[in-house]
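Please look through the model shown here from one end to the other, and keep it in view while you read. The paragraphs that follow move from helix pairs to sheets and then to single side chains.

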Amino acid sequence: MPASSTDKIRNVVLVGHGGAGKTSLAEAMLYLAKETKRLGSVDDGQSVLDYDAEESRRGISINLALAPINHKGFKINLVDTPGYADFIGDDIAGMEAAEMALFVIDATSDLPVATDRLWKIAGDIGIARAFFINKLDKEHADFDATLARLRDKYGETVVPVQIPIGKEADFHGVVDIIRMKASLYDAKGEQLEDIPADLVAAAEEAREQLCDRTAEADDELMMKYLEGERLTQEDLERLLGLAIAQSKVVPVFIGSSYNLNGIDNLMDEIVGFFPEPTAHGPLTTVEGDEVPFDASKPFTGRVFKTLSDPYVGRLSFVKIVSGTLKAGDEVINSRTGDKIRAPHILRAVGKDTRDLTGTAKAGDIVVIPKLTSTLTNDTLSTTGKVTFQNLPQPEPLYPVALAAKTRGDEDKLGTALRTMIDEDPTLELVRNEETKQTVIMALGDTAIDVLVARLRDRYNVETELVDLRIPYRETIRKKAEAQGRHKKQSGGSGQFADCWLRLEPNPGGGYEFIDEIIQGRIPRQFIPAVDKGVQETMAGGVLAGYPVQDVKVAVYDGSYHTVDSNEMAFRTAARIGFKAAAEKASPVILEPMALLEITVPDEYAGAVMGDISSLRGRVMGMDAPEAGTQVIRAMAPYAEVAHYSPHLRSITNGTGTYAVQIDSYEQVPAEIQEKLIEDYKASRE
């Protein structure tokens, strides 16, 4: 059943590093809410939410997945997201669809760097944040150390609302700081009792921290609190949700998704204190209008994710912003102008879908099948005149060249790639006309591995990765002259053309052709043929097959035959003359230079600068835009940094980000030029 009203909806995105237990937590909540009949397990490949073949094979989440739960009259839309950096686009999509980001933290390990990056993204998007410390029943689990790290990293707003009873294998309950009661778990279920004596002091300290922060949500109450008046239980419960929505309190919950301790309590607190869809105000359109989360307004919805199911077809994940939606309603895609009738409104639990009966209301998340022309970021509305901003996405900077293994798969490959890129905005398809390659831009090598596997499994297209061709160029370093003479006689009319060319460097000026012919040494109608022959030769290069640039060419002398001369003959003579002159003009190969802007924590700046030097690069400058962060501007050969993404991730422990663009061309070192020429000759042979 859909939610009865907008205020009965809670949209929660589960985020965090891979392995922290996000999917297991969602599986536990589904099971306890009786949405599934068994407790899904990631470890044995039986997860309800990690249903994709690649997810089962790799043991990681790759796709965003929905897990709607009905709990005590509320609908909780859980959005489970991947934990690996190559799939962060789905984390962002999930955050845009939710009002609360619940960070799942592994109590047995240090804070991973992914947590910090996702924390900043959630802050930029403007949604509330909370922590769930998971795996407290495991060996080496340490609640106190984990909490201390969270507070040290993210500040005093991080406040525990629960503390554990027992440690590691003896973890058997939680202390509820909000109500100052203890929940103990055994084979009979949950038992409410008084707080154990040895935890009273810790509970009172946590309660004081919670009241301190919660009081900030009400100015008048805050003044009374500062004057010594304590918060009543009623005040605390009334204001805590507001304090969480305003990010004055970042609550810390605890439990174990493995033995289910604390999970029921978590669901209770989600419906009690997590923000409802209206908490963060209306959504702003491209036109600058504000659309409130109001079921009484006309329908608008944002498509934040699309998937292609082999059996169902395209599935569009829609966050309803305003109005209501039911099966059979007609909506308009603002991008295409197409009128669309939603054939079904689905409730999805992972891959399992069923028709949603009734009407879905503002704030809810639903899935609509078979909207073949609808893409991620599209806006659906009753008027077609509303367009929401596109989801913010990281720029894909990892390029690979992809080719079909067989000629028969070439057409299928193009169709399959377009479908997959329509689904995932972090993939980009580029046809490089200079290198004649189909290039896929992604966030990293794992994303490419998954792409290749899905092309094979979903679309029966076998592909292979081929060497990425770097767009080298050629040019000359000095002035030279040469004759281009073409004479061919084979009975009847022959071919004859003769031209003298002078080449000289033209740095930054591109190609320039000059006609210096006087006294009709070459008839005017053949001069364009000389120009064309020169440009044809430049396109094919003179050293290693790369285009020649920044050359000034003058035709200053020549001769012709009244019968045998024609345009084709002069084009051929120009090609001969250009090659001969270029060989004497000190030809060199140029390599594209990439301008990098690398953002890293202070502690990795030295390592990154040293690494840039090892990649034949040079540091151009540094800035410190905020405490603890360095932005390094550097120039390096594109051939060395085309695949910089996993490299930077490795040397910065996943904390570094960067932007890159080809800026200019510089002469390659002699040894690299020799190898490029040798490779070219070998390919020709």
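Contact, a word used throughout this text, means heavy atoms within 4.5 Å. Helices (H or I, at least four residues) and strands (E, at least two) are DSSP runs, numbered from the N terminus. Axes are lines fitted to C-alpha atoms, for helices over the stretch in contact, and angles run from 0 to 180 degrees between N-to-C directions. This is a predicted model, in which local features need pLDDT of at least 70 and side-chain atom pairs count only at pLDDT 80 or more, while totals for chains, interfaces and linings use all residues. Residues are numbered from 1 along each chain as its sequence is written, and side-chain values use heavy atoms, with hydrogens and water left out.

We can begin with pairs of helices. Two packed helices are described by the angle between their axes and the distance between the axes. Helix α3 (residues 88-97) packs with helix α4 (residues 113-125) at an angle of about 35 degrees, and their axes are 10 Å apart. On the α3 side, I88, D91, I92, M95 and E96 meet R117, L118, I121, A122 and I125 of α4. The crossing of α3 and α4 is right-handed; a crossing is left-handed if the near helix is turned anticlockwise from the far one by less than a right angle, and right-handed if clockwise.

The next element to find is a sheet. Strands of a sheet pair through backbone hydrogen bonds, either parallel or antiparallel. In this text, two strands pair if DSSP finds at least two bridges between them. Four strands form an open sheet in the order β25-β26-β24-β27, and the pairing is antiparallel. Its edge strands are β25 (428-432) and β27 (463-466), each of which pairs on one side only. On average, neighbouring strands of this sheet are turned by 40 degrees against each other, direction ignored. Five bridges join β25 to strand β26 (residues 437-442) in the antiparallel sense, and E428 stands opposite M441 in β26. Helix α10 (residues 410-423) lies across β24 (398-404), β25, β26 and β27, and runs at about 145 degrees to β24. Helix α11 (residues 445-459) also packs on the sheet, where it touches β24, β26 and β27, and its direction makes about 20 degrees with that of β24.

A second open sheet of four strands has the order β29-β30-β32-β31, with mixed pairing. Why is one side of β29 and of β31 left without a neighbour in the sheet? The strands β29 (480-488) and β31 (511-515) stand at the edges, each with a single partner strand, so one side of each has no neighbour there. The twist averages 25 degrees from one strand to the next. Strand β30 (residues 495-505) and strand β32 (residues 551-559) run antiparallel and are joined by eight bridges, with L503 opposite V553 in β32.

Two helices accompany this sheet. Helix α12 lies across β30, β31 and β32 and runs at about 155 degrees to β31, whereas α13 lies across β29, β30 and β32 and runs at about 145 degrees to β29. The axes of α12 (residues 527-540) and α13 (residues 567-584) come within 7 Å and cross at roughly 45 degrees. The two helices are therefore oblique to each other, given that angles under 35 degrees count as roughly parallel, over 145 as roughly antiparallel, 65 to 115 as roughly perpendicular and the rest as oblique. The crossing of α12 and α13 is right-handed, and the residues that meet include A529, V530 and K532 in α12 and E567, F570 and R571 in α13.

Some single residues complete the tour. A charge sits over a ring if NZ of Lys or CZ of Arg is within 6 Å of the ring centre and within 35 degrees of the ring normal. R129 lies over the face of W119, at 3.9 Å from the ring centre, and the charged end of K138 sits over the ring of Y258, 4.1 Å from its centre. L260, found in the loop between β11 (250-254) and α9 (263-273), has a positive phi of about 70 degrees although it is not a glycine.
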